[in-house]
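User: Hello! I am new to this structure and would like to walk through a few of its residues with you.
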Amino acid sequence: MDTTTAQPRTVLERFPAGAPRGSWPAEEFATGQRDQGIDAHVVMDLKSDQFLVVTDTL
């Protein structure tokens, strides 16, 4: 049995999964956040069909 608990995350921004081919707006936003010192990363929310840029540090 897995006894780990999920760490709360802060959603910084949401992006629809249907971006044009070759466009990665969520990744670009996350990169901009990391450039500012925020540990941001992209996760997929399958339920809402969106990419979320999240951080564990806010």
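User: Leaving aside neighbours within four places in sequence, which residues is Ala-26 in contact with?

Analyst: This is a predicted model, where local features need pLDDT of at least 70, side-chain atom pairs count only at pLDDT 80 or more, and totals for chains, interfaces and linings use all residues. Residues are numbered from 1 along each chain as its sequence is written, and side-chain values use heavy atoms, with hydrogens and water left out. Contact here means heavy atoms within 4.5 Å. With neighbours within four places set aside, the contacts of Ala-26 are Phe-15, Val-42, Phe-51 and Val-53.

User: Is Ala-26 buried or exposed?

Analyst: Ala-26 sits in helix H1, residues 25–35 (helices are DSSP runs of H or I with at least four residues, strands are runs of E with at least two, both numbered from the N terminus). Buried means under 20% relative accessible area, exposed over 50%, and partly exposed in between, with a 1.4 Å probe and protein chains only. Because its relative accessibility is 4%, Ala-26 counts as buried.

User: Which residue in E3 is the bridge partner of His-41?

Analyst: Strands pair if DSSP finds at least two bridges between them. E2 and E3 run antiparallel and are joined by six bridges. In E3, His-41 is partnered by Val-54.

User: What is the phi of Asp-49 near?

Analyst: Asp-49 lies in the loop between strand E2 (40–45) and strand E3 (50–55). These two strands form a hairpin with four residues between them. For Asp-49, a residue other than glycine, phi is positive, near 55 degrees.
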